[in-house]
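Subject: Structure handover

Hello,

Here is the structure you were expecting.

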Amino acid sequence: MLGSGGVRSVAALGIVEQLALEGMRPNLVVGCSSGALFGAQIACGMHGERALRLATTLWSAELTQQRRWRAYAQMLMPGLAGFGPDFALRDDRLIAQRIQQAFGDTQLEELPTPLRVVATDAATGRSVRLTRGRLVDALRASMAVPILFPSVSIDGRPLVDGVLSDPLPVAAAPEARLILTLGFQGSLPRRIDRLSRLVARTSTTLINNLMQARVDALQARGQQMIHLELELDRHIGLWDTSALPDLYEAGRRAAALRLHDIRAALEPLRVAGRVSPPDTRASTIN
């Protein structure tokens, strides 16, 4: 399971690369937000340096800097300028262009490895699992941070960032026998000296608690989960693309450290006939 984590989610590429060297690969990828973006690369079979180079075009600070000047009029004069549920501070056309260049017209149901993309229905607040249709649309929807970016309409539903309803979407793979997770607790602001930091503290607290609740529910169902922790020697911001190579290597190290646990968890499944060597598969990477 690949949860939201900004640029840190690229570590999933390193994790899968390390597992591949050991003869293991996922048979299902589930992700939301940035986790869905990098998870799509895994599901498409992209790996190594090629995947890392592509990641630099898919996740960069410039993507969030495309202002919608009309947004300021909508905030100051909502009645006259037409403020509504589709309000957004930023234009997402550059994001759509980059994702289109990377994945073209690929359909979710055609991917070599199944991918489930988690988004949120903006009208109801409920979690939505996307398994069919255009990959580009699903990724845009799962990354559409409310207020910052506009919602994306799929099958008549306005969809926004999956982190709002399922920040670590372990519930999206109820049939998985073993789940490998890469998710990140958000850091709370150290000082509350402005409105934006107060909002950040409130929203981060809610998301962190929701993530933990999802994990607790999974464990209560008896599903096996192995969480992969990144060992980082510095703080890495959401858009710090200079850290991509380091994060990739951190992902490889994280997988290597848990190889024994992963093999031990997979062995009963292999004996039971659910996993066949030499194609040893980790049931899910989220």
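Helices (H or I, at least four residues) and strands (E, at least two) are DSSP runs, numbered from the N terminus. The model is predicted: local features need pLDDT of at least 70, side-chain atom pairs count only at pLDDT 80 or more, and totals for chains, interfaces and linings use all residues. Residues are numbered from 1 along each chain as its sequence is written, and side-chain values use heavy atoms, without hydrogens and water.

Pockets first. On a 1 Å grid over the protein atoms alone, a pocket is an open set of points where a 1.4 Å probe fits, with protein on both sides within 12 Å along at least five of seven lines; lining residues have an atom within 4 Å of a point. Volume is the space filled by probe spheres set on the points, which are joined across faces, edges and corners.

The largest pocket has a volume of about 1,300 Å³. Of its 40 lining residues, Ser4, Gly186, Thr204, Ile207 and Leu238 are closest to the centre. Helix H8 (residues 195-220) gives the largest share of this lining, nine residues.

The second largest pocket has a volume of about 330 Å³. Its lining has 18 residues, with Val16, Arg25, Pro26, Ile42 and Thr113 nearest the centre. Helix H1 (11-21), strand S1 (24-26) and helix H2 (34-43) each give two or more residues. H1 gives the most, four.

Now the helix pair. H3 (residues 48-58) and H6 (residues 93-103) pack at about 160°, axes 9 Å apart. Axes are lines fitted to C-alpha atoms over the stretch in contact, and angles run from 0 to 180 degrees between N-to-C directions. Over 145 degrees counts as roughly antiparallel, so H3 and H6 are roughly antiparallel to each other. Contact (heavy atoms within 4.5 Å) involves Leu54, Thr57 and Leu58 of H3 and Arg98, Ile99, Ala102 and Phe103 of H6.

Best wishes

Technical notes:
Parallel < 35°, antiparallel > 145°, perpendicular 65-115°, else oblique.
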